[in-house]
Amino acid sequence: MDILTPQLTADGSLTFFSSTFQEAFHSHHGGKQEAESKFVMPCRVGAWAKTGHVRILDICFGLGYNSAAALTEIWRVNPDCQVELRGLELNWDVPQQAIAQGGLGRWPAEIQEIISGLVTHLDYQGTNLQARLLIGDARQTSQHLITDHWPADVIFLDPFSPPHCPQLWTVEFLKQISQLLAPRGYLATYSAAAAVRAALQLAGLRVGSTPPVGRKSPGTLARWLNADLPLLTPAEQAHLQTKAAIPYRDPGLDATATDIIHTRQQEQCQSSLISTSQWRREWHISNSK
């Protein structure tokens, strides 16, 4: 059983520390800030709102912050925008506890009511919103969306970090998720790990950096198109030629975290690519970055 310990972040929003993943759901700098700056802004959610219709896929729904931030921004820009929202979450207890402890208190009352209804009933149908929350392993639940031919304009990819949850950062899973990204869509994640970026590229997507928010490292934005995609720096491009960029693999989309990590470590040991430490020396990058 995952024990969720409440923690207050610097912007006043609540987060949890997960005993299972040994990691907090958000940076200590701020859960609300992260949702807005790492996900909503890079994906140009406000611009999508102006089109009058937007589809959002929130992978690892968690406390519901990314969805809450997106809906708030969409209806601020265009109160009449029609939204289709799908959330994927492994542990139903997480958003339920977030609501019970007032975690959504930093958002408007209307948004709190919507997220609360969605979490309680796993479905919400409103005038401008059709939303569903799918509970279970995202490797399986995402397949239902593929079967339904449900392309997303915006994808928020927000699992725990690769060392703690490698299952949702593998080449195979990201290839599956890429099938759900609309031709002009955006996928955003807080991770700038070389293995994640390499996996996104192997899925056929182009990648760029998003500005650091709270953390020292940037995030990542991925698209099918080069347009509106911040370029990787030369150092970041070089990092994709190191052992760190060897991606996580899960051919059957059913492997354990331990097995996925072990397979990658074996591949790294056999690789002739340079190490991250050597890359840091060549680019004069300190370990604190």
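Trainee: What is the handedness of the crossing of H3 and H5?

Mentor: Keep in mind that this is a predicted model. Handedness tells you which way the near helix is turned from the far one, and clockwise counts as right-handed. Here, H3 and H5 cross in a right-handed way.

Trainee: At what angle do the axes of H3 and H5 cross?

Mentor: At roughly 135°, with the axes of H3 (residues 65–77) and H5 (residues 109–121) coming within 10 Å. Angles over 145 degrees would count as roughly antiparallel, and 65 to 115 as roughly perpendicular, so H3 is oblique to H5.

Trainee: Which residues make that contact?

Mentor: H3 brings Ser67, Ala68, Leu71, Thr72 and Trp75, while H5 supplies Glu110, Ile111, Ile114 and Ile115. Sorted by class, the contact of H3 with H5 has six nonpolar residues, two polar and one charged.

Trainee: Now for H4. How does H4 pass H5, in a left-handed or a right-handed crossing?

Mentor: That crossing is left-handed. The axes of H4 (residues 93–100) and H5 come within 10 Å, and their crossing angle is roughly 140°. That makes H4 oblique to H5.

Trainee: Which residues of H4 and H5 make the contact?

Mentor: Look for Pro95, Gln96 and Ile99 on H4, and for Ile115, Ser116 and Val119 on H5. The contact of H4 with H5 divides into four nonpolar and two polar residues, with no charged ones.

Conventions: Residues are numbered from 1 along each chain as its sequence is written. This is a predicted model: local features need pLDDT of at least 70, side-chain atom pairs count only at pLDDT 80 or more; totals for chains, interfaces and linings use all residues. Side-chain values use heavy atoms; hydrogens and water are left out. Axes are lines fitted to C-alpha atoms, for helices over the stretch in contact, and angles run from 0 to 180 degrees between N-to-C directions. Helices (H or I, at least four residues) and strands (E, at least two) are DSSP runs, numbered from the N terminus. Angles under 35 degrees count as roughly parallel, over 145 as roughly antiparallel, 65 to 115 as roughly perpendicular and the rest as oblique. Contact means heavy atoms within 4.5 Å. Ala, Val, Leu, Ile, Met, Phe, Trp, Tyr, Cys and Pro count as nonpolar, Asp, Glu, Lys and Arg as charged, and the others, Gly among them, as polar.
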